[in-house]
Amino acid sequence: MDVKIAASWKIMLRNEFEKPYFQKLANFVKEEYKNHTIYPPARQIFSAFEHCDFEKTRVVIIGQDPYHGPNQGNGLCFSVNDGIRKPPSLQNIFKELESDLGKSIPESGNLERWADQGVLLLNATLTVRANSPGSHQNKGWEQFTDTVIQQVSANKDNVVFILWGAYAQNKGQIIDGTKHLILKSAHPSPFAAHRGFFGSQPFSKTNAYLKSKGLKEIDF
């Protein structure tokens, strides 16, 4: 598996890439790309780590699976490529952004500009088979991404972890809440957004916290 990530992540995760479970995962993923249509494109599997340097990480948003439709996902959770129709969850994220910060809804659903500012947009599972959500769960990705979360929690201070929905909130157990801000709410999907996502103000709360710690705010 060709791992293109920022140099600081390579240092932080070098031991992880050599572990037997990751080697097994890498072989599984290679075979999947060879025999099936897999998203995101192989070169974008580690986009979250390419765009968001470990040293610059100030916010972590945790998703579950990549989008499983053509040309949607780009390796950043909740993000889609330029020119692609925004999925319902992303539409709701932008509605909350508009309500929370008074910002007009962006034309593009590409969240690379967030990632480039230090928002780690991390899916728990980094690959998926086309039209088959959850197909790459329990193959080793979760162990890898849990390690990422633990490394950020242990080796940084004053990071905002945004946990939308029960799946992401379960990751809160491996985050040190004494030195980071953990924001929890319902998931932005249409099935859950009206049960506590809308009105949760994650963007203003994030920036208020960063500002209180003398850190640069995110231009969401």
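This is a short tour of one structure, stop by stop, to follow in your viewer.

Before you start, note that the model is predicted: local features need pLDDT of at least 70, side-chain atom pairs count only at pLDDT 80 or more, and totals for chains, interfaces and linings use all residues. Residues are numbered from 1 along each chain as its sequence is written, and side-chain values use heavy atoms, with hydrogens and water left out.

**Stop 1: the sheet**

Select the open sheet of 4 strands, whose order is 3-2-5-6 with parallel pairing. Strands here are DSSP runs (E, at least two residues), as are helices (H or I, at least four), numbered from the N terminus; two strands pair if DSSP finds at least two bridges between them. At the edges, pairing on one side only, are strand 3 (119-123) and strand 6 (181-185).

Now colour strand 3. Is it enclosed or open? Of its 5 residues, 5 are buried, so strand 3 is largely enclosed by the rest of the structure. Buried means under 20% relative accessible area, exposed over 50%, and partly exposed in between (1.4 Å probe, protein chains only). Val119, Leu121 and Asn123 point one way, while Leu120 and Leu122 point the other. In a regular strand the side chains alternate between the two faces of the sheet.

Next, show the partners. Strand 2 and strand 3 pair in the parallel sense over 5 bridges, and Gly63 stands opposite Asn123 of strand 3. Across the sheet, strand 5 (residues 160-164) and strand 6 are also paired in the parallel sense, over 5 bridges. There, Trp164 stands opposite Ser185 in strand 6.

**Stop 2: two helices**

Select helix 4 (residues 88-101) and helix 8 (residues 202-212), which pack at an angle of about 60° with their axes 7 Å apart. Axes are lines fitted to C-alpha atoms, for helices over the stretch in contact, and angles run from 0 to 180 degrees between N-to-C directions. Helix 4 contributes Ile93, Glu96, Leu97, Asp100 and Leu101 to the contact, and helix 8 contributes Pro202, Phe203 and Ser204; contact means heavy atoms within 4.5 Å.

**Stop 3: the core**

Finish with the largest nonpolar core, a group of 59 residues. Such a core is a set of buried Ala, Val, Leu, Ile, Met, Phe, Trp, Tyr and Cys residues joined through side-chain atoms within 4.5 Å. Trp9, Phe46, Phe49, Ile61, Trp114 and Phe144 touch the most other members.

Zoom in on Trp9. Which residues does Trp9 touch? Not counting residues up to four places away in sequence, they are Phe49, Cys52, Asp53, Phe54, Thr57, Leu120, Val148 and Val152.
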